[in-house]
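Colleague: I am new to this structure and would like to go through its terms with care. Could we take each word in turn and see what stands behind it?

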Amino acid sequence: MNQIIQPKSAFNEIKDIGVIWVLNEATKLGFYNGNPEWANLGQGEPEIGEMKGAPSRIKEFIIEPDDDGYGPLNGMRALRKAIAENYNRLYRKGKASKYTSDNISIAMGGRLALTRIFSIITSARLGFKVPEYPAYEDLLNYQLERIIPVRIHTEKENNYSVLSVEFKKIIKKYTLDVFLFSNPCNPTGHVIKGEELKAYVKIAREQNCALIVDEMYSHFIYQNGIPAVSPVSSAEFIEDVNSDQVLIVDGLTKSFRYPGWRLAWIVGPEHVIENLGRAASGIDGGPSTPVQRAAIQLLEPWRVDMETQALRKIFGRKQEMMLNALRENGMICSEDTKSTFYVWADISQLLAPLNNSDYFFKEALKYKVITVPGHLFDIHPGHEKKDTMFNQYIRFSFGPAEENLRMGLERITQLIKSYR
């Protein structure tokens, strides 16, 4: 019998990133988006649609004749101006240096925004701490010829965050040119704010270390069950918007609850924004004009404030529900969970083998509940994963609507009781 030899492929095999792998495993068992029989406590998607106390959702918009043509690479001027004014209103009151439309770049989603940023970084050492957002690993893997990723260990007692008092030492120790971090943090829910965040920006400026700050959860801030006074952003502590090397990434996906619109923005110095536009020419060709035009109304101050107040009230209640349920089931949840819509749960005290994150994940699928194993947030750009610190952690999302969330938590309780 002649052996069939497969020709060598010109294309690489690409592995699924963390949450996509999780959803694919659930799909094999019958899950699909919107399936009422499933509780998706895994995916990082906030509940969408009408919400009590929030502005009415945008259900239709007009496409102007000119919208059928190519738009500006960095986005349309009117939306960029609205975003700049929103940052000045929330974070730059009384400051001489203000953002303008030239400080804003629009991209179709946060991953694309980060792709543009990574594409213009010179040969550099880029630091990040773990646990962190899994997509950073995949995005950085495409840039390894120029960017050297530097993985930084963190401690549980600091809620897996780098303290500002250690930040200067870390920059020097690892000779960092850039530091990337999500703030508020996905997955831990830890938020760096106030004097701590001010110190971060000051130290980065003094050490000539650029900051890339993923602020997608900037409006999901809680204070002991009471909604916080304002969102959190490093924009508050920048001295000069055109000289401080701070790039902020945010968008409509989380805080505005429009993930399907795929619209994000980068806030930074004018000369960097100009270069991001040039990079967009070769990467994506610029954002959708009709979606941008529709998004302008979402940046109206009254609408921003009303949406923020409503989501904090609703999500604060859901957070309390989840924390109570997980703790009653023997999981350890940090008291320092003050943001995002995630709970980073230590399952080490559960009976074996349920105290292993992969095993817990697979067992929860049998109850039609999706969770995310903690080791997926232990990112290693440029390296194969071996040992991990987070095999006894699960990230739970309280993004779903309250009724669906309650169903998922009841099923988690049933799962754990079945092992007692």
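Modeller: Let us start with a definition: a residue is called buried when its relative accessible area is under 20%, exposed when it is over 50%, and partly exposed in between, with a 1.4 Å probe and protein chains only. This is a predicted model, in which local features need pLDDT of at least 70 and side-chain atom pairs count only at pLDDT 80 or more, while totals for chains, interfaces and linings use all residues. Residues are numbered from 1 along each chain as its sequence is written, and side-chain values use heavy atoms, with hydrogens and water left out.

Colleague: Why is Asn159 called buried?

Modeller: Asn159 has a relative accessible area of 6%, and because buried means under 20%, the word applies to Asn159. Asn159 sits in the loop between β4 (147-152) and α5 (164-173), where helices (H or I, at least four residues) and strands (E, at least two) are DSSP runs numbered from the N terminus.

Colleague: What makes the phi of Asn159 worth a remark?

Modeller: Asn159 is not a glycine, yet its phi is positive, at about 55°. Most residues other than glycine have a negative phi. Thr340, in the loop between β11 (332-333) and β12, is likewise not a glycine and has a positive phi of about 60°; with a relative accessible area of 0%, Thr340 is buried.

Colleague: Which peptide bond is cis at Pro184, and which at Pro353?

Modeller: Asn183 and Pro184 are joined by a cis peptide bond with omega of about 0°, and Ala352 and Pro353 by another with omega of about 5°. Most peptide bonds are trans. Pro184 belongs to the loop between β5 (178-182) and α6 (194-206), while Pro353 belongs to the loop between β12 (342-346) and α10 (357-366).

Colleague: What makes a set of residues a nonpolar core?

Modeller: The members must be buried Ala, Val, Leu, Ile, Met, Phe, Trp, Tyr and Cys residues, joined through side-chain atoms within 4.5 Å. The largest such core has 83 residues, and those with the most contacts inside it are Phe118, Leu126, Met331 and Phe360. Helix α9 (residues 301-328) gives the most to this core, with 9 residues.

Colleague: How do you know that Ala235 is buried, and what does Ala235 contact?

Modeller: Its relative accessible area is 0%, which is under 20%, and therefore Ala235 counts as buried. Contact means heavy atoms within 4.5 Å; leaving aside neighbours within four places in sequence, Ala235 is in contact with Tyr87, Tyr91, Arg92, Tyr99 and Ile248.
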